[in-house]
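Thanks for asking me to look this one over. Here are my notes, as numbered points you can read beside the model.

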Amino acid sequence: MQRHGSGGPLPASRIRATGLLLLAAHLCLVGWLTLRPLAVPWVAPANLHPLATIRSDLADGPRAALEGIGGGLALLAPFGVLLPLASGRLHRPLPGTLARTVFAGAMLSVGITLAQAGVPGQVVNVDSVLLNTAGVGLAAGFVFPPVRRWLRHRAGGHGGRLGGRRTGTESGAGSSGSGGTALGKAAVRGSGVRLREDGSQGSTPRATRVGMAP
């Protein structure tokens, strides 16, 4: 009897449910960080020029670059791993999964940026979209493949045992079928021999015609 412990196989439904729960929690955290009103004395103007904020952060030193660029990359990075898990794409082709995940992350970042236009204290910044999308792409390209490989290994243990049972059953049925076929052929051959023998022994002897005397 199989014990469902911590080291046992993980069913796909449990993986997907965990991914959905973590994705919902991550999106709630992102919404609280980016869409909550801020009480600030002044607000910087919106940045609609790509890479302008990134250049400014790099010019201000390593700390400003780490806070600005690193924060933009890390904001939606978990999305690149949690979305494929929540959508159950462990056994789908990896390139298509990565492309869909990056596209969904870009659309999410665009939606957040557009929503920030009506939130007090939040600044619309096109560089945020670039950094968020890059963070999703890095997580989906470098973190998701090993996680996917590990989860497929854990989830494939149960299927392998079932496959072994089915294989054994089918092999037993095949062996019995082949044995029955061999017995049937032998029976046909034996019956053919008996029929030929019966036919040779049961032939009626022909009487020799005798001529009549005049």
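1. Which residues does Thr101 touch, not counting residues up to four places away in sequence? The partners are Phe79, Gly80, Leu83, Pro84, Val136 and Ala140, where contact means heavy atoms within 4.5 Å. Thr101 is found in helix 5. Its side chain also reaches the backbone oxygen of Thr97 at 2.7 Å; a polar contact is a pair of N or O atoms within 3.5 Å, within protein one must be able to donate a hydrogen and the other to accept it, and residues adjacent in sequence count only if both atoms are side-chain atoms.

2. A word on what you are looking at. This is a predicted model, in which local features need pLDDT of at least 70 and side-chain atom pairs count only at pLDDT 80 or more, while totals for chains, interfaces and linings use all residues. Residues are numbered from 1 along each chain as its sequence is written, and side-chain values use heavy atoms, with hydrogens and water left out.

3. Now the overall layout. The chain has six helices and zero strands, so defined because helices (H or I, at least four residues) and strands (E, at least two) are DSSP runs, numbered from the N terminus. Residues 24 or more positions apart account for 83% of the contacts with a separation of 6 or more.

4. On burial, 26% of the 214 residues count as buried; that means under 20% relative accessible area, with exposed over 50% and partly exposed in between (1.4 Å probe, protein chains only). Thr101 counts as buried because its relative accessibility is 2%. Met107, also placed in helix 5 (residues 94-116), counts as partly exposed because its value is 45%.

5. Helix 4 deserves a look of its own. Seven of its eight residues are buried, among them Phe79, Gly80 and Pro84. After helix 4 comes Gly88, with a positive phi near 70°.

6. What makes up the largest nonpolar core? Ten residues do: Leu10, Ile15, Ala77, Val81, Leu85, Leu90, Ala139, Phe144, Leu151 and Ala155. A nonpolar core is a set of buried Ala, Val, Leu, Ile, Met, Phe, Trp, Tyr and Cys residues joined through side-chain atoms within 4.5 Å. Helix 4 (79-86) and helix 6 (126-201) each supply at least two residues of this core, and the largest share, four residues, comes from helix 6. A second, separate core has eight residues, including Leu23, Val30, Ala86 and Ile112. Leaving aside neighbours within four places in sequence, Val81 is in contact with Ala139, Val143 and Phe144.

7. Finally, the structure holds one salt bridge, that is, a side-chain nitrogen of Lys or Arg within 4 Å of a carboxyl oxygen of Asp or Glu. Glu67 and Arg63 form it, at 3.4 Å from N to O. Both residues are exposed, and they lie four residues apart in helix 3 (residues 62-75), about one turn of the helix.
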